[in-house]
Structure formats: structure tokens, C-alpha cells
Amino acid sequence: MELQQIEQKSIRDYIQESENIASLHNQITACDAVLERMEQMLGAFQSDLSSISSEIRTLQEQSGAMNIRLRNRQAVRGKLGELVDGLVVPSVLVTAILEAPVTEPRFLEQLQELDAKAAAVREQEARGTAACADVRGVLDRLRVKAVTKIREFILQKIYSFRKPMTNYQIPQTALLKYRFFYQFLLGNERATAKEIRDEYVETLSKIYLSYYRSYLGRLMKVQYPFEALFRSQHYALLDNSCREYLFICEFFAVSGPAAHDLFHAVMGRTLSMTLKHLESYLADCYDAIAVFLCIHIVLRFRNIAAKRDVPALDRYWEQVLALLWPRFELILEMNVQSVRSTDPQRLGGLDTRPHYITRRYAEFSSALVSINQTIPNERTMQLLGQLQVEVENFVLRVAAEFSSRKEQLVFLINNYDMMLGVLMERAADDSKEVESFQQLLNARTQEFIEELLSPPFGGLVAFVKEAEALIERGQAERLRGEEARVTQLIRGFGSSWKTSVESLSQDVMRSFTNFRNGTSIIQGALTQLIQLYHRFHRVLSQPQLRALPARAELINIHHLMVELKKHKPNF
């Protein structure tokens with residue numbers, strides 16, 4: 001029932017709106033017509049767009065092809081331009097090569113341009129470029145002209161070296177400004193380059209030989225020590241050789257073995273002459289210090305050459321050292337043998353002062369040790385060690401010629417002290433020689449002090465040693481029987497120690513040439529005497545001797561020290 005009502009109501013609504021519905025139908029129909037026309041228009045526009053897209057792709061393809069053709073044409077034009085620029089011979093180049101003096105900057109500039117063009121033509125000819133034939137004749141004529149002018153200029157400079165009293169280093173340095181000339185010849189006319197190099201070698205080798213022969217002859221007439229002459233000669237050789245080697249490397253554009261060979265072609269005769277002169281001189285040379293100084297001069301000059309980056313003299317330095325080292329070792333061995341075979345009995349009158357042979361050894365050894373410290377050499381130290389052993393044995397042989405042990409000790413101490421003093425002036429304090437002689441001196445000095453104290457204080461020394469031994473073994477009771485001996489020692493020391501010390505001091509100062517050494521020995525003797533008397537005091541403090549009446553006569557240790565200090569000489 002309700003559904004019928006609703007249906008009827010809807011029908012009434014549709015009837016009431018029939019006019020509006022009809023109007024809406026008409027509008028929809030009109031819209032469909034409009035949309036249909038729009039669809040037709042859009043279809044036509046889409047068709048037009050497809051056509052335009054196809055045209056754009058065609059244009060892009062054409063543009064890419066045109067770009068490729070453009071790049072290809074530009075590349076060809078660049079290569080062709082380079083080829084043309086490399087082959088074209090400008091008038092300024094021709095004018096400069098034909099007319100300009102070789103010393104003018106424009107000649108050098110255009111020579112470099114000519115060299116570049118010649119290289120470019122050779123490269124293009126290798127590639128089969130036919131255009132090279134058009135300029136080959138012009139370039140060859142210009143090359144011949146340039147070679148002729150350069151050859152005349154360089155040979156003239158080399159010939160100027162030959163003038164007497166000429167400082168050849170000035171034109172030689174001037175040639176470095178034109179080193180490209182030789183490089184041009186090397187690349188374009190090797191025969192001429194070889195001619196110039198051979199002429200330079202021949203000229204300079206004669207000049208160096210002549211100069212050094214004359215210089216060496218005048219130098220050897222000068223009264224200087226040989227090592228000074230050797231240094232002057234080899235410093236000049238080092239300086240000129242370094243300059244020559246560097247010039248050869250730079251001007252002739254060589255390095256390594258080639259530079260080494262060219263250098264020795266120039267300096268070989270001079271170096272050989274110098275070696276022969278040195279060998280001749282060394283054959284009669286017995287100055288070991290001079291030879292050793294020459295060795296160290298060579299070692300230093302070798303380092304200088306290395307710092308200057310000049311290896312060309314390395315073989316020469318080795319040859320010089322091969323002459324100097326054997327001679328130096330031979331002279332040292334001869335000195336060793338000479339000292340070993342010396343007979344003290346054939347040396348004439350002997351006294352306790354330092355012997356002239358030991359003084360010569362000290363001066364000689366200290367000089368070699370001082371030099372060797374800068375660049376140590378083990379072989380030198382071995383030979384000096386042998387010489388030292390022989391000198392020590394010689395000193396002992398001479399000392400044995402004295403009748404008394406005291407004189408022997410005085411002689412030994414004087415000689416050891418002298419040699420030690422000379423060595424310490426030049427050698428390091430921790431050197432083997434200084435240490436060895438210091439030990440010998442200390443041992444003999446201690447023995448001499450005991451020998452010195454024995455006559456005046458021998459009884460006291462003997463008692464103290466015996467008493468200390470008994471106390472150490474626990475037999476101190478045996479000291480009770482020594483009262484009389486102890487009393488005599490106390491009183492004898494108290495009455496005579498001043499006179500004995502004075503006599504001892506005078507004896508020492510008369511015996512030793514070195515007052516400082518004598519003072520040291522006196523000081524050592526007095527110190528040992530105080531220690532001895534102090535030990536005597538300790539022995540007397542034992543219960544077995546403590547009640548001895550003579551103990552009251554003992555000298556106070558402090559008082560004794562004050563009194564003994566007065567006897568110490570000052571120098």
C-alpha cells in the first residue's frame with residue numbers, strides 16, 4: 001500500500017517537472033554536440049603535433065650531422081694550420097740566420113725556430129707529407145749557413161784559450177750562454193759537433209797540462225812543508241776539475257759515463273802527471289805526519305767533490321790514496337822497527353830526565369792521534385799501538401840501565417809524565433794512549449812514593465803492617481812484647497819527621513823535570529805519611545798498648561796535617 005502511494009507521488013513529481021526535464025534533455029543534447037566538435041578538433045591537433053615531432057627529430061638529426069662536419073673541418077683546419085705553420089719559413093727567420101751576428105739575441109731566437117722547423121719537416125717527411133719538398137731546400141741552405149756561422153764562432157772561442165797568459169775561464173763561461181749552439185749542431189750536423197768537441201778536448205787538455213806542470217814546478221821550489229804544497233796543488237786541481245766537469249755536462253749536454261769519459265779526455269794527462277809526481281816524491285819521503293796529513297786532505301777534498309756532485313775525480317782520489325796509505329804504513333813500520341832495535345847502551349850517557357826518543361814519540365804519536373780523531377782509521381790505530389808497545393819496552397830497557405830502583409822509577413815517571421802531558425794537549429782524554437800512560441804513571445808513582453818513604457819511615461811502615469796483620473788474625477796479645485820498639489818508633493818519628501819531610505821534598509823537586517808532577521808526588525807522599533801515622537795511632541789504641549807511657553808523646557793527627565801542609569810546594 002505504501003509502495004503504491006510512493007509510486008503515485010513520484011509520478012506526480014515527474015509530471016510537475018516535465019518541462020524542466022525536457023529542458024535538461026535539450027541541454028544535454030546540445031552539450032553532446034559541443035563535445036563531439038571538441039573531440040574532432042583535438043583529434044586534428046593531435047595529428048598536427050605528431051607531424052611537428054617528426055619534423056623536430058629530422059632537424060635534430062640534421063643538426064648533429066652538421067656539428068660533426070663542423071668539428072671535422074675545424075680539426076682538419078687546425079692540423080693543416082699546424083702543418084702550414086711548421087713548414088712556412090718566415091722572412092724574419094731567413095734574415096736573422098743569414099745576416100745577424102751569432103752573438104745577437106735574435107740569431108739565437110731564430111736558430112731555435114729553425115731547429116723546431118727542421119724537426120717538424122723531418123717528422124712530416126716520415127709521414128709521407130709531400131709538401132715538405134717545397135721547403136726542404138730552403139731549410140737545408142739555412143741550416144748550412146747557421147752551422148757555418150756557429151762553427152766559426154765556437155772554434156774562435158776555443159782558439160782564444162791558447163793565447164799566453166789567457167784566463168780561459170772567462171771565454172769558457174761566456175760559451176755557456178751559447179750552449180744551444182752545440183745542441184743545434186748535435187741535432188743537425190753531428191760531424192761538426194764532433195769536430196768542435198775534439199778541438200775543445202785537444203786544446204783544454206794541453207792547456208791544463210801546461211798550466212799544472214808550470215804551477216807544480218814553481219810550487220815545489222817554495223820552502224813550505226810538503227802537506228801545505230800538496231793541499232795548494234790539490235785544491236787548485238779540485239776547483240778546476242769541478243768547474244770543468246760541470247761545464248762539460250752543461251755545454252756538451254752529457255751525463256753519467258759519457259760525462260766521465262769526456263772529463264778524463266780533458267783532464268786525464270794532467271791527472272796522470274800529478275800522480276807520477278806524487279809517486280816520485282813519496283819514494284824518498286819519510287815524513288809520516290806529512291803523508292798522513294795528505295791522506296786526510298784527500299779525504300776532505302773527496303767529500304767536497306761529492307757535495308758539489310762531481311763524481312769524475314773519484315777514481316783519482318782512490319789512486320792518490322793507494323799511493324799515500326802504503327807509504328804511511330811503511331814509514332810507521334820503519335819507526336816501530338827502529339825503536340825495537342835500539343840498544344840503550346849505545347845511546348851514550350843516560351840520566352833520569354825524559355829521553356829524546358820518548359819525546360819524539362810523544363810529539364809524533366799525539367800529532368797522528370789528533371789528526372786521526374777527525375776521520376778515524378783502525379789501521380792507523382793498530383800501527384800506533386805497535387809503536388806504543390815498542391816505546392814502552394824501550395823505556396823499560398833504558399830504565400834497567402840504572403843501578404838503583406829509585407833512579408829507575410824517577411826515569412820511568414819522568415818519561416811517562418812527559419809523554420802523557422804531550423798527548424793530553426792534543427788527544428782526547430779518553431784515548432787509549434792517554435789511558436795507558438796514565439795507568440803506567442800512576443803505578444810507578446805509587447811505587448816511587450813507597451820507595452821514597454822507606455828510608456826515613458821504613459821501620460814505622462813495617463811495624464804498622466805487622467801489627468795490623470796480628471790484629472786481623474786475632475793475635476793482638478803478641479803486641480805486649482813490642483813496647484820498647486813502639487817507644488823507639490814514637491820518639492824517633494817525633495824527633496826526625498820534619499827533617500825527613502824536608503829532605504824528601506828537596507829530593508823530589510831535584511829528581512823531576514815537571515815541577516807540577518813533583519808537587520803531586522810530594523802531596524801523595526805526605527798524604528800517605530798521614531795515613532800511615534793515623535794507622536799507627538789506631539794500633540796504639542789497642543788494649544795491649546793503650547797504657548804505654550810513650551803514647552803521651554804521640555803527635556796529634558790534626559797538628560801533623562797542619563805542619564805537613566807547610567811543606568807542600570806550590571807551582
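User: At what angle do helix H15 (residues 405–426) and H16 pack?

Analyst: Good place to start: this is a predicted model, in which local features need pLDDT of at least 70, side-chain atom pairs count only at pLDDT 80 or more, and totals for chains, interfaces and linings use all residues. Residues are numbered from 1 along each chain as its sequence is written, and side-chain values use heavy atoms, with hydrogens and water left out. Helices are DSSP runs of H or I with at least four residues, numbered from the N terminus, while axes are lines fitted to C-alpha atoms over the stretch in contact, with angles from 0 to 180 degrees between N-to-C directions. The axes of H15 and H16 are 9 Å apart, and the packing angle is about 150°.

User: Are H15 and H16 roughly parallel or roughly antiparallel?

Analyst: Angles under 35 degrees count as roughly parallel, over 145 as roughly antiparallel, 65 to 115 as roughly perpendicular and the rest as oblique. With a packing angle of about 150°, H15 and H16 are therefore roughly antiparallel.

User: How many charged residues are in the contact of H15 with H16?

Analyst: Contact here means heavy atoms within 4.5 Å. From H15 the contact includes Arg405, Lys406 and Asp417, and from H16 it includes Glu433, Arg444, Glu447 and Glu451. Asp, Glu, Lys and Arg count as charged, Ala, Val, Leu, Ile, Met, Phe, Trp, Tyr, Cys and Pro as nonpolar, and the others, Gly among them, as polar. Besides 15 nonpolar and two polar residues, the number of charged residues is seven.

User: What is the handedness of the crossing of H9 and H11?

Analyst: The axes of helix H9 (residues 226–251) and helix H11 (residues 288–307) come within 9 Å and cross at roughly 20°, and H9 and H11 are therefore roughly parallel to each other. A crossing is left-handed if the near helix is turned anticlockwise from the far one by less than a right angle, and right-handed if clockwise. For H9 passing H11, the crossing is right-handed.

User: How exposed is Arg231, as a relative accessible area?

Analyst: Arg231 lies in helix H9 and, beyond its neighbours within four places in sequence, is in contact with Ile297 and Phe301. Buried means under 20% relative accessible area, exposed over 50% and partly exposed in between, with a 1.4 Å probe and protein chains only. Arg231 is partly exposed because its relative accessible area is 44%.

User: Is Gln233 buried or exposed?

Analyst: Gln233 is also found in helix H9. Leaving aside neighbours within four places in sequence, its contacts are Tyr212, Tyr215, Leu216, Leu219 and Thr274. At 5% relative accessibility, Gln233 counts as buried.

User: How are H18 and H19 directed relative to each other?

Analyst: Helix H18 (residues 515–540) and helix H19 (residues 557–565) pack with axes 11 Å apart, at an angle of about 165°. That makes the two helices, H18 and H19, roughly antiparallel.

User: What is the phi of Asp309?

Analyst: Most residues other than glycine have a negative phi. Asp309, in the loop between H11 and helix H12 (314–340), has a positive phi although it is not a glycine. Asp309 is exposed, with a relative accessible area of 60%, and its phi is about 60°.

User: Where does Ala253 lie?

Analyst: Ala253 has a positive phi, near 55°, in a residue other than glycine. At 46% relative accessibility it counts as partly exposed. Ala253 lies in the loop between H9 and helix H10 (256–282).
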